[in-house]
Every structure is written in C-alpha cells, then in structure tokens.
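Here is a colleague's note, written for someone who is meeting this structure for the first time. Please keep the sequence and the model side by side while reading.

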Amino acid sequence: MQLAARVNRISISPTAAVLAAAEKLRAQGVDLADFGPGEPDFPTPEHIQRAAIRALQEGHTKYTPTAGIGPLREAICKWHAAQFGSSYAVPECVVSVGGKHAIFNALCSLLDAGDEALVPAPYWVSYPDMVQYTGATPVPVMTEASDGFRLRAEQVSRAITPRTKLLIVNSPSNPSGAVVPSDEFVKIYEVCRAKNIWLLTDECYSHFVYGDEKPFSLASLPGTKPNIIVAGSLSKTFAMTGWRVGYALAPEPLISAMIKLQSQSTSNPTSIAQYAALAALTGPMDTVATMLEEYSRRRKRIVAGLRSIPGVTCVEPGGAFYAFPNVAAHLGNGISDTTELCKQLLERQHLVSVGGDAFGTPGYIRLSYATSIDRIEEGLRRLEKFFAMAEAAR
Ligand SMILES: Cc1ncc(COP(=O)(O)O)c(C=O)c1O
C-alpha cells in the first residue's frame, strides 16, 4: 500500500511493541516478571475517581472548548505556579490528550523540513519519531554514563548548527532517570537563548526525584518564558495514565497554533477526564509522596540487585522509576544487541524489559520498577539466571 511519506518516516513505538508481546504471554497465563510498564502501579486516587463519577452524573459529557475547560486551564497555571514558581496565564495554557499529545502538537507547530531538533540520548523513544514526522531532523546529543547521563550545556553547544530550532530536555529522564542539576539546566537554557533556540522541557516525571533533589522547572526563572515550552502530564504524578490528560505552557502565539491544530484533529480532551484532572490539581497531593517513598525503596533494591549481577553495571537514577543498567558485557554469542537480548529474556525467563537501542544507547536495557518489591526480587533472580546460563553457554 502506498502510504504517505510522513507516516513512513516513523515506526511503531518499541515500548508499545514490547508491551504487546508481553500481553500475549500474559493472556496465555504466563507468570511475567514485568519491568515493561512506563506507568505507576498505583490506582488513581479516590478523590479523583469520585470527581469523574460526579462529572458523569452532572452531565459533563459534551464537547468542551478545544483548549480545555476554563477552570482546568486556570488550575494548571495555578498548580504550576504553586509547585514551581512559574507565572503563566490561561491564554498561555492548553490542555491536551496526555503530555505526548502536547509535545506532538508543539513540535508540529514549530518544526519544518530542514530544521534540526536536538534530542539528548538516551532519549524517550517518541521524540525522534515525532521530530521526523514534522519533516525536521532529530539530532542525538550523547550524554555520558560516567556523568550519570546528565545533559551538559557544553554538549548542547557543540551540537548546535545554523539549522537547530529546538532542544528537548526530559528531566528526570525516561529511560535513564537522570536529573539535570538546576544550575546546569539554567546554563543549557542560556545556550539556547543566546542562539534563539526553543527549549522544550518535558516535566512528565517532575515529582519523582530522590534524595535531596526537589522538583524543578525552568519556568520558575524570570524571563525564560519567551524561549521555553513546558510539557506536563497528569499521567505519572497522579497515576492517571489511562485518563489522557496533559498540558503545555508556552507563549500565547504558540499555544494558539497548538489549539488550532487540536481544533482540526482531536478537539478537546475527554470532558470527564478534564473534571478528574481539575480535582487532581486542586486536591491533596499526599498520594504523590506515598508513591515517591515506595519508588525510593524499590530503586534502592533494584539498583543493588543489578549491581550484584556479574557483568552488569548500573548508574543510580536520580528520578523517574526506571533503572538503566549496562549489559554490554553479555552481548555477543547469539545475542547481537539489546533488542535481541530483551526478546530472549521474554522468551526464556518471561521477563519484560526494553532494549537500549530504542533509546539511542546500545548496550543498555530499561527496567521499570513501577512494580512490587516481590516482583523486583523475582525479576532479579530471573535476570541473574539468564546471564549465568548465557555465560555458561559461551
Ligand atoms: C518522557 C515522557 N514524556 C511524556 C510522556 C507522555 O505521557 P502521557 O502522554 O501519558 O502524558 C511519557 C510517557 O511515558 C514519557 O515517558
């Protein structure tokens, strides 16, 4: 079939492909050690659920304004201001069908063929494909494992060309968990501002930072507004992945363009989900602290477990809920790359993981620890067994 060039430029999300393969096994009753999911294993808090039921009963089941209901746009601006010290107004805010949609619409509104977008690697799988869809070119910016995969301003500087239009920063990062230190983030912003380059900051994991780290947004700095796009999501912070609510905060002309695009494609995000999101952003946030505490415990266990497996090294993730160990020592001898490794892990040990090739960093695998400590223990046992058997077969 002759499909459009723009859709042929992209491929199905590799994380979605892994989840589909795992789902097939699960349906057959296979006991999976599932390190695949990019979503909290906690339920959506009850007060948010109740708000959705109320919205349904009160008849909020019709179209809403394309950009989202006024009270929700207002609540997003207020919540962001309270959490990070930003100062956005309603016309600078759009509610979208998840953070992914907000990023997609921002990239479609800004990038043209011939433009370059800098994508620090390891990167979230969707960034390069989204950039490619617009006709622009994604340019990976390699970060160093020895530096905890933190993006540095000089790495950004070196990658800039006259065609660079935009940089995407995701801190904390999926898949590495790296958190860009706030002073470095400011330097990165200064580099972009000096060259008139947009900085899209994906704050999807903002509230999952460990140790002394605190949630940080570049938007807290006065004067950054004209050069940055904040992409946010309720998916992870409020355990609302299926509800599909995200947002963007950016200068009004860009937000207007994104609303125009939304008006000709998805229209408004689901009305009921918007009322649930309103309850999330105006209600208590104690569930966030509960999740963070539990993730923190799991992080400690999984990192220690991985480090104890011969031939595996693992940088300590500063945020999010992913471990990103280096398993390169186990490649070769019938395991060509980490995509193949993850395939074999699924087939032989029923362990779900995602290969680092998909994130622009061969030699690594991503393990989500949004699963119970018991399952983490079980997964670590399977991983150790797999590598021991592979080594014995060498
Ligand atoms: C880095 C990153 N950004 C954005 C998203 C989008 O999340 P959502 O569309 O559910 O808001 C995800 C989801 O996995 C992600 O990992």
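The numbered points below go through helices, cysteines, salt bridges, the surface and some backbone details.

1. On the basis of the note: this is a predicted model, in which local features need pLDDT of at least 70 and side-chain atom pairs count only at pLDDT 80 or more, while totals for chains, interfaces and linings use all residues. Residues are numbered from 1 along each chain as its sequence is written, and side-chain values use heavy atoms, with hydrogens and water left out.

2. Helix H10 covers residues 271-282, twelve residues in all, and reaches 17 Å from its first C-alpha to its last, close to the 16 Å expected at 1.5 Å a residue; the expected span is 1.5 Å times one less than the number of residues. Buried is used here for under 20% relative accessible area, exposed for over 50% and partly exposed for what lies in between (1.4 Å probe, protein chains only). Nine of the twelve residues of H10 are buried, so this helix is largely enclosed by the rest of the structure. Among the buried residues are Ser-271, Gln-274, Leu-278 and Leu-281, and what covers the buried residues of H10 includes helix H3 (46-57) and helix H4 (70-84), where contact means heavy atoms within 4.5 Å.

3. On helix H4: this helix has 15 residues and reaches 21 Å from its first C-alpha to its last, close to the 21 Å expected at 1.5 Å a residue. Its buried residues include Leu-72, Arg-73, Cys-77, Trp-79, His-80 and Phe-84. The cover over the buried residues of H4 includes strand S2 (93-96), S7, strand S8 (246-249), helix H9 (252-263) and H10. H4 is followed by Gly-85, whose phi is positive, near 85°.

4. On the cysteines: a disulfide is a covalent bond between the sulfur atoms of two cysteines. With a disulfide taken as a pair of cysteine sulfur atoms within 2.5 Å, the count comes to zero disulfides. Cys-108 is partly exposed, with a relative accessible area of 26%. For Cys-314, the closest cysteine sulfur is 14 Å away, in Cys-342, again too far for a bond, and Cys-314 counts as buried at 8% relative accessibility.

5. On the salt bridges: counting a side-chain nitrogen of Lys or Arg within 4 Å of a carboxyl oxygen of Asp or Glu, there are 21 salt bridges. Arg-26 forms one with Glu-23, the closest N and O atoms being 3.2 Å apart; these two residues are three apart in helix H2 (residues 14-27), and are thus separated by about one helical turn. Arg-26 is partly exposed at 36%, and Glu-23 is partly exposed at 42%. Asp-147 meets Arg-150 in a salt bridge of 3.8 Å, N to O, and also meets Arg-152 in one of 2.6 Å, N to O. Salt bridges that share partners join Asp-31, Arg-375, Glu-378, Arg-381 and Arg-382 into one network.

6. Pro-222 and Ser-267 are 45 residues apart in sequence and 32 Å apart in space, C-alpha to C-alpha.

7. On the backbone: a cis peptide bond joins Ser-171 and Pro-172, with omega about -5°, and the peptide bond from Asn-174 to Pro-175 is cis too, with omega near 25°. Pro-172 is found in the loop between strand S5 (164-170) and helix H8 (182-194), and Pro-175 is also in the loop between S5 and H8. Asn-196, a residue other than glycine, has a positive phi near 60°; Asn-196 is found in the loop between H8 and S6 and is exposed, with a relative accessible area of 64%. His-350 likewise has a positive phi, of about 55°, although it is not a glycine, and His-350 lies in the loop between helix H12 (338-349) and strand S10 (351-352).

Technical notes:
Helix = DSSP H or I, 4+ residues; strand = E, 2+ residues; numbered from the N terminus.
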